[in-house]
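Thanks for coming. I will take a few places in this structure one after another, so please keep the sequence and the view open.

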Amino acid sequence: MKYIDVIVPLPLGGNFTYSVPDEWANAVRIGMRVVVPFGKKKMYTAIVSLIHTLKPELLYEMKEIICLLDNQPVLRYPQLKFWDWIGSYYLAYPGEVYQAAIPSGLKLESEMQICINPDFEAITILSDKEQRILDALSDGKPVNVAELNKSSEIQNVLPTLKILLEKGAIEVSEELTEKFHAKTDTFIRLSEQAKNDDNLRKIFEELSRARKQLDLLMMYIDLSKCLIPSKQKEITRKELLEKADASPAILNGLVERGVLITYKKEIGRLDLSDTETHTVYSLNAFQDKALLEIEKQLIEKSVVLLHGVTSSGKTEIYIHLINKVLAEGKQVLYLVPEIALTTQLTTRLKRIFGKRLGVYHSKFSDAERVEIWNNVLNDKSYDVIIGVRSSIFLPYRQLGLVIVDEEHESSYKQYDPAPRYHARNAAIVLASMHGAKTLLGTATPSIESYYNAITGKYGLVELHQRHEELQLPETVIVDIKEAYHKKCMQGHFSDVLLEKITKALNNNEQIILFQNRRGYAPYIECKGCAYVPKCKNCDVSLTVHKVFNTITCHYCGYTESIPTICPVCKTPNLNTKGFGTEKIEDEIHQIFPEVRVSRMDLDTTRSKKSYDKLISDFEQHKVDILIGTQMVTKGLDFDDVSLVGILNADNMLNFPDFRAHERAYQLMAQVSGRAGRKNKRGLVILQTSSPGHSIIGQVIRNDYVAMYKNEIEERRQFKYPPFYRLIQITIRHKDVQIVKKAAFALGNQLRAVFGTRVLGPIDPPVSRIQNLFLKQILLKIEYDASPAKAKDFLQQINNLILADHNFKSVKISVDVDPM
Ligand code: ADP
Ligand code: ZN
């Protein structure tokens, strides 16, 4: 008899063993999916993690698997090893890692909705069971597995469902709701014949009698740069007609003459399979040197940090390195912290790697993610993956290189749910499991990575010159306290900032305005009685969103409409306090009514399309001013931005966190880096009421090392990373007394083992979220202490607390290396 151990997608410890009926005994392999019964009635798609023949001693009755779903594994063995590491380092259950790793399209679950495919025509005769299921589905309504079991009177429909799915006779819910509809657009190009210089001259002569056609052609050549192969870009019909202010008839004239050609192409999903790939730019001397240095250091070190100022061409260096790794037949993972970055980079990398490039992130539909998963698994020609943090879980065949771009970004850390992994750190481990190397790149390294680099654990390569030796932008400080005092402020804009905005607009240059807060205002307050509306479920004030006329909780989503009178003192004296991106947008509209403005923050980027559109509109200069939160700071590359305004540096500097200064520096340095990237030195206006703050000075002088030296000393003194490892434990319960007692008990138990390494319990800054009260305990463990041992203790103590019947429904979550 064959037995398998499986991972079920549930937050549970322990192994689950099942027997495999003869039918599948020969076919089953590690990494395949099986459907298993679980508990009384549930079914799950589990992953086979071990196959054995010894009947294990079980405390429960052994059950058989319901069905084997695959003919070949959906996971490679190294992936399971990696899951193990994630689970043990970040203290998560295998089932939690599974949930994070596998796109839900690969999970058949009891809740899955099944529906008949109306276009299905059977080619072979259907079995009795197959026919019964199709009969049960014949009314076209989607049903779940349990219902189908009942209505078809078959005990277990899953094996048959699987066959029907393969035959295309049925569809499951994801495919139904998220079917991907390709969108196409019409583009224009020059005909082959017209590309020839002599012919083109003749065409110009001919057109001298058709002025409008000539103008349109000139406009096309100018926009598309089609005569300069390295700069050539695709132009849509719509864009051309708009820019040239021409009628479709004029364009048709040129098409009929055989000068221009129109073609349709899928947009959105970047399938540029028919565009030829371009050759890479050759590197400038500084980049060349950096590349050589990286390669040299990678021989000895498994990780190298590339510290290169913004716009120094780090991406170009990555591209050269990727090419070399691909030539060895290995795969490359290119991690970026934010979906917005995949948008720009994908276009850039598609031109070079064409169909070999895959993109992976959460804004893709499930069907698409499954497709990418399968491509990585099966298609050997698919060898560069660009993606956000979850792409570390794809089933790589043989990684040769991992690039972590903007390695300092905190969005690499997964907050909730478990596993709370850091994708940069996990990627380094993943790479080493493949015998691959990791390159970290950024203009503003995290303190931890820079420390690792200068102490020799990582290699370090620095690049101080921008491409074409552009100067870094000039930063001008505006003291807003003084400006308010002197009445030089209009809304949240100082006269200096307004003057520079006006100037940039007059020069037809673009502007980025950065305010690290979304919404209109963080809260409203009654002038009369000082009442502040708070969330019903959480211990926070409600953020004002004027666009929707609501006040909303950013923790749980609770929403009310903006009150017109104070609910307490009944006076109409409600004032908004503070300001977010919406308010900035509002003020800009009032001051510059003609200017084209868009806003990029969490509220305007809920869908993938909205990202792409915001970015491409700004790239194509359809927008003059882009207002945004930290989203606009991250590695975006725009040609015409000459001015960056930082509206208020103060709340970044005053944030109560040991990383606040590091982050403030990174945000300001990064957003400044967006200014003046091509042909002209940029300008940054930095508004603050603490112009003398050391971080502000370091930003002006672009002095990363000074910032690092300050911070590392503080970290050493106050026992923070990289000298100490932090483990944050959060205790949650709906009863404030119970959470208090549980946290206290846990704290005491921990103190008995860890002594003064235990801090707390304390109330976190937001001490109630979604009706649960929170307490936190922080563990600080010496970096060289055995983390495995500490975690073992921690696990035991947690279990001890949870075993106490008073604390049964208390939730304890553990965050290793919290950010
Ligand atoms: P970083 O990632 O360091 O901020 P990028 O790689 O985005 O810098 O480069 C900034 C800009 O300069 C990009 O538009 C890029 O195409 C251009 N660039 C950089 N290096 C070169 C090069 N060697 N040849 C041509 N263009 C380059
Ligand atoms: Zn709330």
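Asp 637 has a relative accessibility of 24%, so it counts as partly exposed. Keep in mind that this is a predicted model. What does Asp 637 pair with? Its salt-bridge partner is Arg 348, and the closest N and O atoms are 3.8 Å apart. The cut-off for a salt bridge here is 4 Å. Arg 348 is also partly exposed, because its relative accessibility is 28%.

Now look at where the two residues sit.

Staying with helix 15, please turn to its packing. Helix 15 covers residues 339–353, and it packs against helix 22, residues 608–619. The angle is about 55°, and the axes are 9 Å apart. That angle makes the two helices oblique to each other. The crossing of helix 15 and helix 22 is right-handed. Which residues meet there? From helix 15 they are Ile 339, Ala 340, Thr 343 and Gln 344. From helix 22 they are Tyr 611, Asp 612, Ile 615 and Glu 619. By type, the residues of this contact come out as four nonpolar, two polar and two charged.

Back to salt bridges. How many does the structure hold? The count is 35.

One is between Asp 601 and Arg 599, with N to O at 3.0 Å. Are these two residues buried or exposed? Asp 601 is buried, because its relative accessible area is 0%. Arg 599 is buried too, with a relative accessible area of 10%; the cut-off for buried is under 20%.

Another salt bridge joins the side chains of Arg 716 and Glu 713, at 3.4 Å from N to O. Both residues lie in helix 26, residues 704–717. They are three residues apart, which is about one turn of the helix. Arg 716 has a relative accessible area of 45%, so it is partly exposed. Glu 713 is partly exposed as well, at 41%. As for the network, Glu 448, Arg 659, Glu 662 and Arg 715 are joined into one by salt bridges that share partners.

Next, a residue in helix 25, which runs over residues 694–701: Gln 698. Gln 698 counts as buried, because its relative accessibility is 4%. What does Gln 698 touch, leaving out residues up to four places away in sequence? The list is Tyr 665, Asp 703, Ala 706, Met 707 and Asn 710.

Last, go to the other end of the numbering. Ile 4 lies in strand 1, residues 2–7. Ile 4 is buried, with a relative accessible area of 0%. Again not counting residues up to four places away in sequence, its contacts include Phe 16, Tyr 18, Val 20, Val 28, Val 34, Leu 50 and Ile 65. Thr 17 and His 52 are also among the residues that Ile 4 touches. For a distance to check on screen, take the C-alpha atoms of Ile 4 and Glu 64: they are separated by 9.7 Å, and the two residues are 60 apart along the chain.

That is what I have; questions are welcome.

Methods
Residues numbered from 1 in each chain as written. Chains lettered and ligands numbered in written order. Predicted model: local features only at pLDDT ≥ 70, side-chain atom pairs only at ≥ 80, totals over all residues. Heavy atoms only, no water. Axes fitted to C-alpha atoms, helices over the stretch in contact; angles between N-to-C directions. Helix = DSSP H or I, 4+ residues; strand = E, 2+ residues; numbered from the N terminus. Parallel < 35°, antiparallel > 145°, perpendicular 65-115°, else oblique. Left-handed = near helix turned anticlockwise from the far one by under 90°. Contact = heavy atoms within 4.5 Å. Nonpolar A, V, L, I, M, F, W, Y, C, P; charged D, E, K, R; others polar. Buried < 20%, exposed > 50% of the residue type's maximum accessible area, 1.4 Å probe, protein only.
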